[in-house]
Amino acid sequence: MSADMTPADKAKYVSARRAADLVENGMRVGLGTGSTAAFLVRRLGEMVRDEGLKIRGVPTSTRTADLARAEGIEVITLEQAGWLDLTIDGADEFDNDLNLIKGGGGALLQEKIVAMASDRMIVIADAGKHVETLGAFPLPVEIIPFGWQATRKLIEELLISMDVQGHDTALRMASESPFVTDEGNYILDLDLKRIGDAQQLAQALNQIPGVVENGLFIDICDTVVIGYDDGRLELRDLTKGTIVREQLDLPDRDNLFTDIAK
Ligand SMILES: O=C[C@H](O)[C@H](O)[C@H](O)COP(=O)(O)O
């Protein structure tokens, strides 16, 4: 497996592997969705099986739920958990204030609910996800299928009124038909290039009746673990105002990542 991993995959692995060390016995943990979060879930599974870690996980998608169960992690619902100690999730973009764009994998709604029901949200990401200004990654917006074209029109009018230039809104497709989220909704991807006031846009989007939620995570995440493909990593903690740089001791190349290879 190691030979097939791209540099970005290695960096994702580094961040996920380090973030797993922040999970403590007895925690109720929100489990994110996506390729970076999958590395985390696999590592946590290994810690549960081999190191006796006892956690209960609340997955943010059916994909993550399936993976967590396969890894031997006890899976519970958010209702059963009540509240979470920690959520660890990937992101499509993060800025210096740890505001995020999420939803590239279509799981933004459950991800936001789970993150906001947690004492702490940690993002795991390769360094390529860092941006000065959010918006290069198209912003996913989850919308109700009923009257979705009307919702799109209202979103486009909103973007014009907010003076967002050159925008494009695309219904996310899964081959021939619209992509459907775990909650039975559609996703519109807004190609905005640059989001000036992310807070204002997030609030305005959610005022539109057909909009369920948007992929802007503002003031939700307080820590990021940034991974590099050579094992370097950086932990930025906004609450403490600290940046800690470390080097992850990776096994030699032949064994690299075999602990998570499935
Ligand atoms: O809906 C998907 C999630 O928001 C993901 O966490 C995000 O798209 C990042 O995914 P990946 O880790 O695969 O880049």
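Leu98 lies in the loop that links β5 (93-94) to β6 (100-101). This is a predicted model, and the angles and counts given here are computed from it. The phi angle of Leu98 is near 60°, which is a positive value in a residue other than glycine. Is Leu98 buried or exposed? Leu98 is buried, because 21 other C-beta atoms lie within 10 Å and the cut-off for a buried residue is 20 or more.

Asp163 also has a positive phi, near 65°, and is likewise a residue other than glycine. Its place is the loop between α6 (148-161) and β9 (168-171). Asp163 is exposed, because 7 other C-beta atoms lie within 10 Å and a residue counts as exposed at 12 or fewer.

The two residues are set out below.

Which residues come nearest to the ligand? Of the 18 residues around the ligand, these are Gly34, Thr36, Gly90, Gly104 and Gly105. By type, the shell holds four nonpolar, 10 polar and four charged residues. Two helices, α2 (35-51) and α5 (108-116), each supply at least two residues of the shell. The helix α2 gives the most, with three residues.

Technical notes
Residues are numbered from 1 along each chain as its sequence is written. This is a predicted model: local features need pLDDT of at least 70, side-chain atom pairs count only at pLDDT 80 or more; totals for chains, interfaces and linings use all residues. Helices (H or I, at least four residues) and strands (E, at least two) are DSSP runs, numbered from the N terminus. A residue is near a molecule or strand if its C-beta atom, placed from the backbone, lies within 6 Å of it. Ala, Val, Leu, Ile, Met, Phe, Trp, Tyr, Cys and Pro count as nonpolar, Asp, Glu, Lys and Arg as charged, and the others, Gly among them, as polar.
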